[in-house]
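Subject: Structure handover

Hi,

Here is the structure we talked about. Please open it alongside this message; my notes follow below.

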Amino acid sequence: MGSLCDWPEPVICVQSLSESGDLVIPDQYVKPPLERPILCFNNVNIPVIDLAGLVTSREAIMKQISKACREWGFFQLVNHGVRTVLVDRVPEIWREFFHEPMEVKQKYANSPKTYEGFGSRLGVEKGAILDWNDYYYLNYLPHCHTKWPSQPPSLREVMEEYSSEILRLGAVLLKIFSINLGLEEDYLQNAFGGRDIEACLRANFYPKCPQPDLTLGLSSHSDPGGMTFLLPDKQVCGLQIRKNDQWITVKPTRHAIIINIGDQLQVKFPLDPKPLNCQFVLSNAIYKSVEHRVVVNPDKERVSLAYFYNPKNDLLIQPIPELVTSKTPALYPSMTFDEYRRFIRTRGPHGKVQVDSLKPPR
Ligand code: OGA
Ligand code: NI
């Protein structure tokens, strides 16, 4: 396994491969046959939830959110209170960044130590099959050394405004999740570190790809943190989520923010009816971080912004003590979010083996 000091091979910017005009993608991007995308056009979509209803029909909306967290791990939020011009602006300002000249972007080239900055690779396994994307990774909270790009000039201001909206929305959702799980309304926020939560983001750029049937923009993974707020591209679909062993393409609703549950919320509720604790099925309290991936397109680039709302990185994440008994032992070892993330970062996106390969404590 590689170390997190440096990339194991020279990093190639995917956009430059795309712009080379080559009709064949390098072998390094060709996925094994079973991982290649199937373009599915089913009518199923993830739930769309109208947050404005929280005032007028609170019970119904709380129920919809509860159902979405248990059955999908993903939902789209509309009327979330974030100004629509801001929702439109955020992916576009990142598109402008990705279209800056290479010399400008290279000034922010990242390393696997923190991932901050401009990059084209996740994971440090030598010889790994790579994803067809470039990205910019930014730590926002705690406020200490945010690596802001200086171009486009208004990027920082736009992202500061958007960040404060996400922090507001994140707190609202953690309250709703806590109540839905029968906990005190501040339970999850406190478990995440109160005001000291961590917030970071990844702007994803998926260049056009001459052989989209052989590769992926982002391999199957679940998000390691608490929950994710995704702004998808307005014009181009690409996000797929796995449900009952089928891939479902998400059809974004205009101005919606897509929310998904991360591994830390699953680990906190180890109530899956797995063989280990099959006597204990508390089906009203199963939150899942669901596997998802991104497919790419032969003639359209795609931009998205994933905002990660995470627990404070040195807090021990462990199952809620009241829920662990001799009959219902903990399914996962306790570890800090930082330790968990280091483990994920070494491997890169790898389905859901991450959470599932953690061994329960003895
Ligand atoms: C991610 C992610 C989905 C997308 O960045 O973790 O899942 O649509 N992105 O780009
Ligand atoms: Ni993701």
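Glu 59, Ala 60 and Lys 63 are exposed, on the face of helix H3 turned away from its buried side. Please keep in mind that this is a predicted model.

H3 covers residues 58-71, 14 residues in total. From first C-alpha to last, H3 reaches 20 Å, close to the 20 Å expected at 1.5 Å a residue. The buried residues in H3 are Ile 65, Ala 68 and Cys 69. Seen down the axis of H3, the buried residues fall within an arc of 100°, so they line one face of the helix. An α-helix has 3.6 residues a turn, so residues three or four places apart point the same way.

What covers that buried face? Strand S1 (48-50), strand S2 (74-78), helix H6 (155-180) and strand S10 are included in the cover. H3 lies across S1, S2 and S10, and runs at about 155° to S1. After H3 comes Gly 73, with a positive phi near 70°.

Next, the helix pair. H3 and H6 pack at an angle of about 85°, and their axes are 10 Å apart. That makes H3 roughly perpendicular to H6. On the H3 side, the residues that meet H6 are Met 62, Ile 65, Ser 66 and Cys 69. On the H6 side, they are Ile 176, Phe 177, Ile 179 and Asn 180. Ile 65 and Cys 69 are buried, and both belong to this contact.

Now the sheets. One is an open sheet of eight strands, in the order S1-S2-S10-S7-S12-S5-S4-S3. Its pairing is mixed. S1 and strand S3 (117-119) stand at the edges with a single partner strand each, so one side of each has no neighbour in the sheet. Neighbouring strands here are turned by 25° against each other on average, direction ignored.

Strand S7 (residues 227-231) deserves a look. Is S7 buried or exposed? Five of its five residues are buried, so S7 is largely enclosed by the rest of the structure. Met 227, Phe 229 and Leu 231 point one way from S7. Thr 228 and Leu 230 point the other way.

S7 has these pairings. Four bridges join S7 to S10 (residues 257-261), and the two run antiparallel. Leu 230 has Ile 258 as its bridge partner in S10. Five bridges join S7 to strand S12 (residues 302-310), also in the antiparallel sense. There, Met 227 is partnered by Tyr 309.

Further along, strand S4 (residues 134-141) and strand S5 (residues 198-206) run antiparallel, joined by seven bridges. Tyr 135 stands opposite Asn 204 in S5. Helix H4 (residues 84-98) lies across S4, S5, S7 and S12, and runs at about 115° to S12.

There is also an open sheet of four strands, in the order S6-S11-S8-S9, with antiparallel pairing. Strand S6 (218-221) and strand S9 (246-249) stand at its edges. Each has a single partner strand, so one side of each is left without a neighbour in the sheet. Strand S8 (residues 239-243) is joined to S9 by four bridges, and the two run antiparallel. Ile 241 stands opposite Ile 248 in S9.

Best wishes

Conventions. Residues numbered from 1 in each chain as written. Chains lettered and ligands numbered in written order. Predicted model: local features only at pLDDT ≥ 70, side-chain atom pairs only at ≥ 80, totals over all residues. Buried ≥ 20, exposed ≤ 12 C-beta atoms within 10 Å, placed from the backbone. Pairing = 2+ DSSP bridges. Expected span 1.5 Å × (residues − 1). Arc of directions from axis to C-beta. Contact = placed C-beta atoms within 7 Å. Axes fitted to C-alpha atoms, helices over the stretch in contact; angles between N-to-C directions. Parallel < 35°, antiparallel > 145°, perpendicular 65-115°, else oblique.
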